[in-house]
Amino acid sequence: MFHYIMRRVLIMIPTLIVISAVIFTIIKLPPGDYLSSYIDTLRQSHEAVDEQKIAFLRAQFHLDEPAWRQYLYWISGLIRGDLGYSALYDLPVSQVVGDKLLLTFIVSFATIVFTWVVAFPIGVYSATHQYSFSDYGLTFLGFLGLATPNFLLALVLLYFANVKFGISIGGLMDPQYLDKPWTLAKAVSVLKHLWIPVLVIGAAGTAGMIRRLRANLLDELQKQYFVTARAKGLSPFRALIKYPLRMSLNPFIADIGALLPHVISGAAVVSVVLSLPTTGPMLLEALRSQDMYLAGSFLMFMAALTVVGVFLSDLALAWLDPRIRLEGGVTR
Amino acid sequence: MRKLLPLLAVVCLVALPAAHAQAVEPKETPALEEAVKAGTLPPVTERLPSDALVIRPVELGTPGGSLHMLMASAKDTRMMVVYGYTRLVVYTPDYKLEPDIAQSVDVEDGRVFTFHLRPGHKWSDGQPFTAEDFRYWFEDMASNKKLYTAGLPEQMLVDGKPPSFEVIDPQTVRYSWAKPNPLFLPTLAGPDPLYIYAPAHYMRQFNAKYADEKALDDLVKQYRVRNWTALHTKLFRPYHTDNPDLPVLDPWVLKTRPPADRFVFERNPYFHRIDPAGHQLPYIDTVELVIADSKIIPAKTGAGESDLQARYLRFDNYTFLKDAEDHNDYTVRLWRTAPGAQLALYPNLNAENPIWRQLNRDVRFRRALSLAIDRHEINEAMYYGLAIEGQNTVLPKSPLYDPAYRAAWAAYDPKQASRLLDEIGLTKRDSSGIRLLPDGRPLEIVIENAGESTEQADALELIRDTWAEVGIHLFSKPSQLDIWRRRVYSGATMMSIDRGIDNGLVAVETPPDEFVPTTQGQVQWPMWGQYIETKSKSGEPIDTPDAQELRRLYKAWLDATDVGERAEIWRKILEINARDVFSIGLVAGVPQPIVVSNKLHNVPEEGIFNWIPGAFFGYYHMDTFWLTPEASSQASTAPSKG
């Protein structure tokens with residue numbers, strides 16, 4: 001077991017290096033750099049292009065130097081824990097991201113809780129009542145959630161929330177609470193706004209999870225051990241909770257790896273439509289304006305979380321299900 | 001014999017009301033009474049300069065209240081500098097220059113500029129604003145190669161030479177050049193002005209020349225920048241408005257440290273303007289900018305979340321906004337915009353492809369394209385007939401306006417267009433009636449654009465039909481701003497669609513640079529512009545006689561000292577542009593919806609919403625806008641209800 005953990009940890013290093021090279025290359029692929037897009041934006045809004053500032057930024061971000069050196073500057077900063085400096089916000093990256101992380105975390109966490117709370121009972125119910133009228137009804141609802149484009153649902157909900165409940169459009173709180181310290185009133189305002197993004201982002205995830213849970217559980221319900229347990233007179237509910245449900249949990253644990261980066265990424269499209277102060281729109285804007293340090297460092301951060309998350313979920317799986325053997329993978 | 005610009009006469013005239021300043025007894029601002037009583041703020045008489053600028057608002061207002069506006073990004077805090085419009089000299093709504101921060105400006109021969117400051121004028125932190133602040137900028141910033149790597153700004157160089165700078169006394173500074181510098185004052189009065197002064201008392205702590213080395217090193221580390229020059233540049237950006245510690249002279253001062261989603265500006269207690277009743281301006285105590293995505297700003301505005309909104313609203317939002325007027329206690333007004341054209345086609349005279357370059361450079365071709373457009377149809381279909389049809393040139397309100405410029409080759413005349421195309425030799429047609437190029441390919445014009453508005457695509461759809469009648473096939477190719485510009489610059493495009501010239505309200509003193517090759521941003525001749533911009537390092541030299549003539553006239557305008565001479569040159573430039581149809585204008589003067597809360601007063605019913613001239617709300621004195629007192633106190637306690 002110890003060897004396995006050591007090997008996994010060591011393998012993370014080359015993985016992250018490859019990811020960093022890919023991220024850097026892709027961000028650099030479009031022609032031009034942050035400054036050329038900055039100049040174009042200025043021209044479009046008819047503002048004077050300040051040669052002075054351009055020359056200054058060019059030197060500060062090493063834009064005149066070859067790409068491989070720019071990469072080394074960036075990566076050596078990352079190793080020292082320095083995420084770099086965002087040209088777009090003119091602030092250290094850690095400061096730009098730091099501010100948005102809390103709200104992103106709140107939205108994502110609420111979404112995950114919502115997804116689980118809704119998907120679990122429905123999934124179990126439709127598996128145990130397979131092909132019943134209510135199974136079809138719930139399945140239909142699930143597919144509806146899966147098929148409706150998120151942004152459309154977001155727009156429709158925004159409109160009704162504003163017209164029917166008088167909730168200010170977009171954002172995560174009423175404007176007067178922005179920048180204020182956390183109070184009860186602010187928290188209430190956040191809760192009032194939170195349900196729309198949670199519902200919208202959660203809709204597709206919920207539907208997917210219902211389907212998976214239902215399928216897994218159906219597999220288990222037909223196995224002999226369950227039939228035996230029922231034949232021995234165990235109550236249906238107890239039998240269900242004690243055995244097949246536990247078996248069908250594996251995919252959820254495996255999901256944790258993907259969940260970790262998701263918690264901080266904040267669904268970008270929905271966040272843009274809803275104008276949420278999360279990291280999603282920030283990443284999009286950074287990529288559009290080719291802000292290398294902000295986009296690159298944030299993506300690296302997410303990549304690192306994914307790698308760690310996958311590792312953790314593998315460990316958790318091994319602990320949960322003794323049938324899974326970690327060492328076996330080597331000989332494959 | 002000294003020749004004086006008319007500006008001096010203007011300056012003398014408007015210096016008159018300032019002389020009455022003493023007659024106005026300043027009153028303490030209610031919101032600041034407490035601080036004055038507590039002794040943390042000096043009384044209003046000590047905060048105002050001894051010669052405060054008296055502004056006559058449309059109607060006298062009541063100080064107080066909080067104004068809400070929506071913006072799309074943290075960078076938009078600079079709009080408060082634009083709207084606040086406080087400059088050394090400013091333009092009035094009739095486009096005349098007047099002193100503002102400066103008490104007066106004397107101009108000799110258009111080359112020696114003497115600025116007189118207001119005695120007792122103070123920065124927003126209460127420190128005196130004097131000639132030292134000008135000296136600090138000129139000697140310790142602009143002349144320091146480490147800070148200003150590119151040297152003095154271009155507008156301060158005449159034939160590449162900087163001015164000589166003198167401090168005459170603590171209230172007077174002088175800049176003198178050997179030759180006239182007509183760009184100097186307009187640049188100082190621009191919506192994004194050139195700052196030739198800096199708060200020396202604040203900036204010195206970040207300048208290696210003055211600061212203690214150890215303390216400066218600590219600051220550099222604290223701000224996580226590379227060296228002191230980076231720190232100095234980062235902290236002195238009065239236009240970008242991102243440093244709440246920077247002392248300013250604007251009506252409102254930033255109080256929120258970025259990054260944030262809501263920016264609060266509070267009144268500058270040392271602002272130098274006053275109304276005739278003795279209230280220190282601005283009337284409004286605080287301005288709050290809430291950041292939201294630009295696409296949902298029209299929706300939020302319709303829900304009554306902004307007290308004054310025009311930015312990010314477009315003409316096609318008008319009906320939606322008007323519909324919600326009754327529920328949300330606001331009024332939608334329609335102001336005019338002032339670009340020379342809302343939409344214009346730009347044949348690329350520097351196109352890479354030799355056949356297209358030759359065609360685009362043929363004036364008959366450009367005229368034929370223009371004649372084959374039904375502008376009236378575009379106006380009716382897209383703007384309810386409210387726009388002005390015609391070429392991309394000066395607008396009727398400009399003193400240089402001549403209806404002939406706008407009408408030149410702008411009538412819908414497919415017959416004449418066909419004749420012109422035949423004359424060029426494009427007589428062969430394919431089976432579907434499309435003309436053939438000399439090399440046998442069909443005459444298919446691809447019009448590229450930045451893909452940022454559906455407006456351009458809609459207009460092109462209408463043009464496609466009328467062009468097809470004369471045998472031209474139009475394709476529209478939306479792209480993305482960066483990519484589109486790069487393609488234009490490299491000559492990869494045949495033709496583009498974009499906004500027309502920015503300033504359709506030019507005066508004789510306005511530099512004619514938009515009608516002459518000057519920068520690569522001009523998409524009809526990007527290579528020529530680049531050649532001039534880079535001082536012949538890259539791009540292509542101008543090689544058509546008319547464009548060379550434009551260039552020659554532009555130089556003559558810069559050197560001219562006489563108003564009559566400048567006007568004469570301006571006319572010639574406009575005539576050449578009208579004759580040659582370098583850009584094909586469609587419509588201009590498209591209305592801009594302005595949403596104004598019914599609580600907000602002194603916002604004109606009609607106006608021009610424009611960048612230059614206009615500074616958006618700047619020319620209309622946003623510092624004199626005021627809020628109905630009861631309503632504003634309600635708004636600050638109750639959460640906003642849709």
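Two strands are taken to pair if DSSP finds at least two bridges between them, and helices (H or I, at least four residues) and strands (E, at least two) are DSSP runs numbered from the N terminus. The model is predicted: local features need pLDDT of at least 70, side-chain atom pairs count only at pLDDT 80 or more, and totals for chains, interfaces and linings use all residues. Residues are numbered from 1 along each chain as its sequence is written, while chains are lettered from A and ligands numbered from 1 in the order in which they are written.

**View 1. An open sheet of 4 strands in chain B, with the order 5-6-8-7.** The pairing in this sheet is antiparallel, and its edge strands, each of which pairs on one side only, are strand 5 (102–108) and strand 7 of chain B. From one strand to the next the twist averages 15°, where axes are lines fitted to C-alpha atoms, for helices over the stretch in contact, and angles run from 0 to 180 degrees between N-to-C directions. Strand 6 (residues 112–117) and strand 8 (residues 172–176) of chain B run antiparallel and are joined by 5 bridges, and B:Thr114 stands opposite B:Arg174 in strand 8.

**View 2. Strand 10 of chain B and the strands bridged to it.** Strand 9 (residues 252–254) of chain B is joined to strand 10 (residues 262–267) of chain B by 3 bridges, the two running antiparallel; here the bridge partner of B:Trp252 is B:Arg267 in strand 10. Strand 10 of chain B is also joined to strand 12 of chain B, by 5 bridges and again antiparallel, and B:Phe265 stands opposite B:Val287 in strand 12.

**View 3. Helix 18 (residues 454–469) of chain B.** This helix has 16 residues and reaches 24 Å from its first C-alpha to its last, close to the 22 Å expected at 1.5 Å a residue, the expected span being 1.5 Å times one less than the number of residues. B:Gln456, B:Ala459, B:Leu460, B:Ile463, B:Thr466 and B:Trp467 are buried in helix 18 (a residue is buried if 20 or more other C-beta atoms lie within 10 Å of its own, exposed if 12 or fewer, and partly exposed in between, with C-beta atoms placed from the backbone). Just after helix 18 of chain B, B:Gly471 takes a positive phi of about 90°.

View 4. Most residues other than glycine have a negative phi, and most peptide bonds are trans.
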